[in-house]
Amino acid sequence: MKVLVPVKRVIDYNVKVKVQADGSGVDLANVKMSMNPFDEIAVEEAIRLKEAGVASEVVVVSIGEKKATDTIRNALAMGADRGILVTEDQGVDIEPLAVAKILAKVVEEESPELVILGKQAIDNDMNATGQMLAALLGWGQATFASEVKIEDGKAVVTREVDGGLQTISVSLPAIVTTDLRLNEPRYASLPNIMKAKKKPLDEKTAADYGVDTAPRLTVVTTEEPAGREAGIKVGSVDELVAKLKEGGLV
Amino acid sequence: MAVLLLAEVAGGALAVDATAKAATAGAKLGDVTVLVCGPSSAADEAAKIDGVSKVLVADDAAYANGLAENLADLIVSLAGDYSHIIAPATTTGKNVLPRVAALLDVMVLSEVIEVVDADTFKRPVYAGNAIQTVKSGDATKVITFRTSTFDAAGLSGSASVEAAAGAGDKGLSSFVEDKVAESDRPELTSAKIVVSGGRGVGSEESFSIIEALADKLGAAVGASRAAVDSGFAPNDWQVGQTGKVVAPELYIACGISGAIQHLAGMKDSKVIVAINKDEEAPIFQVADFGLVADLFDAVPELTEKL
């Protein structure tokens with residue numbers, strides 16, 4: 001079984017983003033970029049399926065500017081087998097719908113039985129690409145996964161839902177999106193980082209797939225969120241209780 | 001403008017709070033029709049939400065467990081009559097609506113916090129560190145609304161209820177089981193008071209002191225991502241950009257440093273109390289009342305004195 005894992009290059013999750021004063025966006029110049037954390041979990045899950053003898057090959061694909069090569073190499077160093085880079089540099093974030101359309105074409109070419117994606121990218125926070133890809137392919141979807149078992153042509157997936165956990169069974173081929181507790185991604189070792197440089201990496205462009213990536217949403221402005229003023233420090237529990245009672249809060 | 005709102009149904013009952021909050025957002029866009037995928041009792045509840053003009057009910061086993069494939073097809077079959085298709089940004093809404101959007105060849109707008117006009121919306125990006133105003137050029141707008149930023153509509157309405165028929169089960173996925181956390185505590189996203197613990201709580205056992213304070217106050221229990229990652233608390237307690245977004249009257253953060261991703265999930269709370277032994281913790285920058293103290297002393301004392 002071949003597993004396809006799309007990965008996105010995003011601003012590192014430890015970086016405090018700065019909104020540009022003119023409202024045009026966030027400052028991405030000289031900022032550390034990394035693989036989207038939810039995508040790292042997706043790569044890890046695919047590699048574990050391969051190590052367990054369930055998956056035969058793990059292919060990673062990234063869509064974006066040329067620098068996304070680093071993100072693919074990172075996944076290859078973790079243990080993925082080969083990469084596909086689809087370059088599309090329009091200077092703005094490519095929307096999930098366009099990404100899903102490109103991925104649908106990649107799926108057509110590669111015929112994976114399972115596509116594992118991060119549930120959301122930590123830049124646009126859309127939480128949409130996996131669901132959209134499932135729709136375009138007419139496949140079943142199991143989003144926000146905390147456990148994935150492959151058995152009898154199905155993926156049995158436990159999902160993180162509002163009230164607790166839900167388990168569903170999805171016929172393969174299928175889409176799975178990862179939540180935080182699915183696994184803990186490994187660090188790539190130095191020898192594996194060296195080996196990853198020799199793993200195959202194909203380069204394509206969005207135009208090769210005939211997909212129109214023009215955005216449907218126009219970003220009018222990007223602003224700082226409304227701030228919140230710090231209040232007061234209280235000296236004791238008694239003082240805190242008094243303040244809460246004063247405010248009619250308890 | 002006509003709006004189709006996918007009601008939140010959990011365990012065969014209408015989740016009134018989430019649905020009524022999304023109804024408030026929907027009313028800013030036009031005439032709201034609520035689609036209830038569940039029993040007629042849930043539809044009758046939805047009919048009471050103020051501002052709802054009609055309720056469509058699809059009482060079919062295929063829709064009972066929120067399976068995205070079946071629900072999305074049902075919504076798409078109804079979509080022609082509506083300019084906006086909306087849902088509360090629950091795990092169900094976020095699972096189903098992007099699928100609907102792709103089937104309609106439109107973009108989805110996730111976790112919208114403000115309606116500017118019929119095409120323009122505000123939504124948080126970068127874990128709430130920036131707010132984007134986006135204008136959609138699509139024919140149909142598909143939107144999930146972050147419920148914590150909208151007040152729930154009242155419950156004095158009496159909309160008509162009609163049956164909606166869909167194609168039923170596509171057979172792509174099937175429901176196996178729910179493991180719903182049994183609790184007498186209020187639901188996290190609609191609770192008036194939330195007591196949360198962070199990494200500082202130190203262990204799963206020690207979380208009992210957080211729970212004791214919550215129970216004393218009739219509050220819901222929350223946790224930071226650090227506490228969840230460390231195995232101190234279950235994931236459905238997680239408050240933050242990757243968990244639940246809450247805005248209670250009172251939020252008590254115990255042993256929580258105040259990472260950006262956590263603040264994104266609770267900074268709209270009316271009053272924030274922080275108890276942390278590190279006086280430099282960023283949580284104090286958003287707290288109305290800060291107490292620099294060891295939570296293992298302060299939280300039991302607070303529980304006793306309230």
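Modeller: A word on conventions: residues are numbered from 1 along each chain as its sequence is written, while chains are lettered from A and ligands numbered from 1 in the order in which they are written. In this predicted model, local features need pLDDT of at least 70, side-chain atom pairs count only at pLDDT 80 or more, and totals for chains, interfaces and linings use all residues, with side-chain values based on heavy atoms, hydrogens and water left out.

Biologist: Thanks! What is the area buried between chain B and chain A?

Modeller: Contact means heavy atoms within 4.5 Å, and 86 residues of chain B are in contact with 74 residues of chain A. Buried area is the accessible area (1.4 Å probe) that two parts lose on being put together, summed over both. Carbon and sulfur atoms give 56% of it here, and the total is about 6,500 Å².

Biologist: Which three residues supply more of the area that chain B buries against chain A than any other three?

Modeller: Together they supply 12% of the area on the chain B side. They are Met107(B), Tyr126(B) and Phe289(B).

Biologist: How many salt bridges does the rule find across the interface of chain B and chain A?

Modeller: The rule asks for a side-chain nitrogen of Lys or Arg within 4 Å of a carboxyl oxygen of Asp or Glu. Lys101(A) and Asp105(B) meet in this way at 2.7 Å, N to O. Across the interface, the number of salt bridges is six.

Biologist: Which strand of chain B pairs with strand β12 of chain A?

Modeller: Strands are DSSP runs (E, at least two residues), helices are runs of H or I with at least four residues, and both are numbered from the N terminus. Two strands pair if DSSP finds at least two bridges between them. Residues 217-223 of chain A form β12, which has six bridges to its antiparallel partner, and Leu217(A) stands opposite Ser136(B). The partner is strand β10 of chain B, residues 130-136.

Biologist: Why is one side of β11 of chain A left without a neighbour in the sheet?

Modeller: The open sheet has ten strands in mixed pairing, ordered β11(A)-β5(A)-β4(A)-β1(A)-β6(A)-β10(A)-β7(A)-β8(A)-β9(A)-β13(B). β11 (201-205) of chain A and β13 (173-180) of chain B stand at the edges, so one side of each is left without a neighbour because each has a single partner strand.

Biologist: What angle does helix α1 of chain A make with β6(A)?

Modeller: Axes are lines fitted to C-alpha atoms, for helices over the stretch in contact, with angles from 0 to 180 degrees between N-to-C directions. Helix α1 (residues 37-51) packs on the sheet and touches strands including β1, β4 and β7 of chain A. Its direction makes with that of β6(A) an angle of about 150 degrees.

Biologist: Which residue of chain A meets Arg181(A) in a salt bridge?

Modeller: Arg181(A) sits in the loop between β10 and α5 of chain A, and its partner lies in strand β8, 21 residues apart. The N to O distance is 2.9 Å, and the partner is Glu160(A).
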